[in-house]
Amino acid sequence: MFRGNMLFLFKNKPSLQTGHSSLHLSSGMVAALLVFFLFSPLFAQAPKPANGPPPAPVEVSSVIEKEVVTSVTLIGTGEAWIETVIASEQSGLVSDMLVEEGDRVSKGQPLCEQDTKEIKLRIEASRAELGEAEVLKEQAENDYDRQRRLFAINSISEKAYEDAKFKAEASRKRVSSLRASLSVLEEQLNNKRTRAPVSGYVVQRHCLVGQWLGEGEPVATIVVLDPVLFKVPVPERYIATVKKGETAQVTFDALPGKTFQGRIYAVIPRGDDASRTFPVHIEIGNPEGLIKPGMLGRATIPTGERQKAVLIPKDALVLTSTGTVVYTVVDQQARLVPVRTGAEHGSNIEVEGDIEPGFDVVVRGNERLRPGQPVQVMKKDL
């Protein structure tokens, strides 16, 4: 508007009037005024503000392709490799309990002792009787040897010789019988002390001091925790591909940050009618005893042949109302890519979508990104 008026003034050589007089403007003055108005900051056009949010700092990681084995992660429970109830071999009064619940015991370690007074007296009597029989046996054998020499020269009758022979034989058998009886008594004495048949942990005591313990009654329950057994129900759609001897990765909720490598020990060929699952047993080494029976865990079990797959870090996934997406970086801008996820492999996960090996995907700072937003790569996760 102002520029138009100035052109009008320039063309028509106007004059400024004040009261009754008029002021005539020369063409030079008009030109000066025109330049003033055209280049004045008041009338200069203001710059447009920058559009969109500022660059967002992000960390990225490369998309990779590698051979993997398709697997499935299932929930299971840790159990003792062996759980055995130790029974008493002899009846008697419990005189001492040598272990407490929770104790670790070694194979052959005593668990319980019974009163041994009576059996020790019987052993003492048996040893005395055996000593007497051995003396009589020696006498009978000496007599038989002498009668045999005399019979050889026809100095005694045949009956005397036969009597000496039978007496020596009877004395030998009596000694053998008494020795066997003494061995039985000594074994009974030894069995008055119940011992652990395996190394493990005592999880329950079944008797107390002063209690009468009958033959075959339980003394303690022991569990073997190295190795440990992990039982997981596998759905029937996977069971045909689960092979004995394959490696499985197991984690436990109670042991965060730890992953245990196990071996599929058994695939039980009898399923549950209600859940349509089949028990699979995984053997896990547990030398430090970290895994306890009853712990909840998750086993990643291979369920297929090796194949190539596109992998990204699980941190790159963003859950939206329309599905799962990732953000790639193209020309310093965030590009949204919908993906379909597959099996997990440690910290990585299989994906399918418009994404190729070598792409950079955002793994940090992707929660608030918007498609097309400028980004500044602060660090690349190797």
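Trainee: In which strand is Ala80 found?

Mentor: Ala80 is found in strand S4. Helices (H or I, at least four residues) and strands (E, at least two) are DSSP runs, numbered from the N terminus. Please keep in mind that this is a predicted model, where local features need pLDDT of at least 70 and side-chain atom pairs count only at pLDDT 80 or more, while totals for chains, interfaces and linings use all residues. Residues are numbered from 1 along each chain as its sequence is written, and side-chain values use heavy atoms, with hydrogens and water left out.

Trainee: Is Ala80 buried or exposed?

Mentor: Here is the scale: buried means under 20% relative accessible area, exposed over 50%, and partly exposed in between (1.4 Å probe, protein chains only). Ala80 has a relative accessible area of 14%, so Ala80 is buried.

Trainee: Which residues does Ala80 touch?

Mentor: Touching is a contact (heavy atoms within 4.5 Å). Leaving aside residues up to four places away in sequence, Ala80 touches Val223, Val224, Leu225, Leu229 and Pro293.

Trainee: What about Thr221, in strand S11?

Mentor: Thr221 lies in strand S11 and counts as buried, at 4% relative accessibility. With residues up to four places away in sequence not counted, Thr221 touches Glu83, Thr84 and Val85, and also Tyr201, Val202, Val203, Gln204 and His206.

Trainee: How many helices and strands does the protein have?

Mentor: The secondary structure comes to five helices and 21 strands. Of the 382 residues, 32% count as buried. Among contacts with a separation of 6 or more, 73% are between residues 24 or more positions apart.

Trainee: On to charges. How many salt bridges does the structure hold?

Mentor: A salt bridge is a side-chain nitrogen of Lys or Arg within 4 Å of a carboxyl oxygen of Asp or Glu. The structure holds 18 of these salt bridges. One of them pairs Glu79 with Lys231, with 3.1 Å between the closest N and O atoms. Glu79 is in strand S4 (residues 64-87) and Lys231 in strand S11 (residues 218-235), so this pair ties together parts 152 residues apart in sequence. Glu79 counts as partly exposed at 32% relative accessibility, and Lys231 is partly exposed with a relative accessible area of 29%.

Trainee: Which helix holds both Arg148 and Asp145?

Mentor: Both lie in helix H3 (residues 117-152), three residues apart, which is about one turn of the helix. Arg148 counts as partly exposed at 39% relative accessibility, and Asp145 is partly exposed with a relative accessible area of 28%.

Trainee: Where do Asp354 and Arg335 lie?

Mentor: First the bridge: Asp354 forms a salt bridge with Arg335, the closest N and O atoms being 2.5 Å apart. Asp354 sits in the loop between strand S19 (348-353) and strand S20 (360-364), and Arg335 in strand S18 (residues 333-345), so the pair ties together parts that are 19 residues apart in sequence. Elsewhere, salt bridges that share partners join Lys137, Glu141, Glu169 and Arg172 into one network.

Trainee: Which element gives the most to the lining of the second largest pocket?

Mentor: H3 gives the most to that lining, with three residues. About 200 Å³ of space lies in the second largest pocket, and its lining includes Gln90, Asp115, Arg122 and Trp212. Strand S5 (92-97) and H3 are the elements that give two or more residues to this lining.

How values were computed: On a 1 Å grid over the protein atoms alone, a cavity is a set of points where a 1.4 Å probe fits but cannot get out, and a pocket is an open set with protein on both sides within 12 Å along at least five of seven lines; lining residues have an atom within 4 Å of a point. Grid points are joined across faces, edges and corners, and a volume is the space filled by probe spheres set on the points.
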